[in-house]
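Hi,

Here is the model I promised to pass along. Please have a look at it first, and then read on for what turned up.

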Amino acid sequence: MMDASGSMGSAHYRKQKSFVKSVVRHLRLSSPKSRAAILVFSDTATLPISLTSFTGMNGRNFNSAVDALPFYKGRTRIDKALRLAATNLFKDARSNALKVG
C-alpha cells in the first residue's frame, strides 16, 4: 500500500517506491510461488499492480511498473485504500497458498 497523497511529498513518494522495490527484490517474483501487489491511494484508491500482474515475470518488469506509478498529490484517503484492499486485493490469490496473518 503506497500513499500518493500530497502530504507525502514527491521526495517521500520516491522513497516509498525504492522501499517497495527493495522488499520485493527478496521475493523472487520469477518463482510461481511469489506474488506481489501494489495498492496506491490519495483521493481515490487503485490497484495498479494486482497479484496476477507479474506472475512468473522478473523483478525488472515489476520495478518498471513501480517507477511508473503516478504521484497524485491529493488528500490522504486511507479509508478508501483499506476498503479496496478488503474487497479486491486478494480475489486473485491462489486458493491453495498458505495464508499469512
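The buried residues of helix 3 (78-89) pack against strand 2 (38-41) and strand 3 (45-49), where contact stands for heavy atoms within 4.5 Å. Helices (H or I, at least four residues) and strands (E, at least two) are DSSP runs, numbered from the N terminus. The residues of helix 3 that are buried are Ala81, Leu84, Ala85 and Leu89. Because they cover an arc of only 105 degrees around the axis, they sit on the same side of helix 3; the arc is that of the directions from the helix axis to the C-beta atoms. Arg83, Ala86 and Thr87, on the other side of helix 3, are exposed. Buried here means under 20% relative accessible area, exposed means over 50%, and partly exposed is in between (1.4 Å probe, protein chains only).

A word on the ground rules: this is a predicted model, so local features need pLDDT of at least 70 and side-chain atom pairs count only at pLDDT 80 or more, while totals for chains, interfaces and linings use all residues. Residues are numbered from 1 along each chain as its sequence is written, and side-chain values use heavy atoms, with hydrogens and water left out.

Now to strand 2. Both of its faces are covered, with Ile38 and Val40 buried on one side and Leu39 and Phe41 buried on the other. Strand 2 pairs with strand 1 (residues 2-3) in the parallel sense over two bridges, and Val40 is the bridge partner of Met2. Two strands count as paired if DSSP finds at least two bridges between them. Strand 3 runs antiparallel to strand 2, joined to it by three bridges, and the two form a hairpin with three residues between them. Within that pairing, Val40 stands opposite Thr46.

Which residues does Val40 touch, not counting residues up to four places away in sequence? They are Met2, Ala4, Tyr13, Ala45, Thr46, Pro48, Leu69 and Tyr72.

Val40 also belongs to the largest nonpolar core, which has 14 residues; Met2, Val20, Ile38, Val40, Phe62 and Leu69 touch the most other members. The elements giving two or more residues to this core are helix 1 (9-25), strand 2 and helix 2 (59-67), and helix 1 provides the largest share, three residues. A second, separate core has six residues, including Leu39, Ala81, Leu84 and Leu89. By nonpolar core I mean a set of buried Ala, Val, Leu, Ile, Met, Phe, Trp, Tyr and Cys residues joined through side-chain atoms within 4.5 Å.

There is one aromatic pair. Tyr13 and Phe71 form it, and the pair is tilted, at 5.3 Å centre to centre with 35 degrees between the planes. The rule is that rings of Phe, Tyr and Trp (its six-membered ring) pair if their centres lie within 6.5 Å, with planes under 30 degrees apart counted as stacked, over 60 as edge-to-face and the rest as tilted. Tyr13 lies in helix 1 and Phe71 in the loop between helix 2 and helix 3, 58 residues apart. Tyr13 is buried at 2% relative accessible area, whereas Phe71 is partly exposed at 22%.

With 16% relative accessibility, Gln16 counts as buried, and it touches Met1, Met2, Asp3 and Met8, leaving aside residues up to four places away in sequence.

Best wishes
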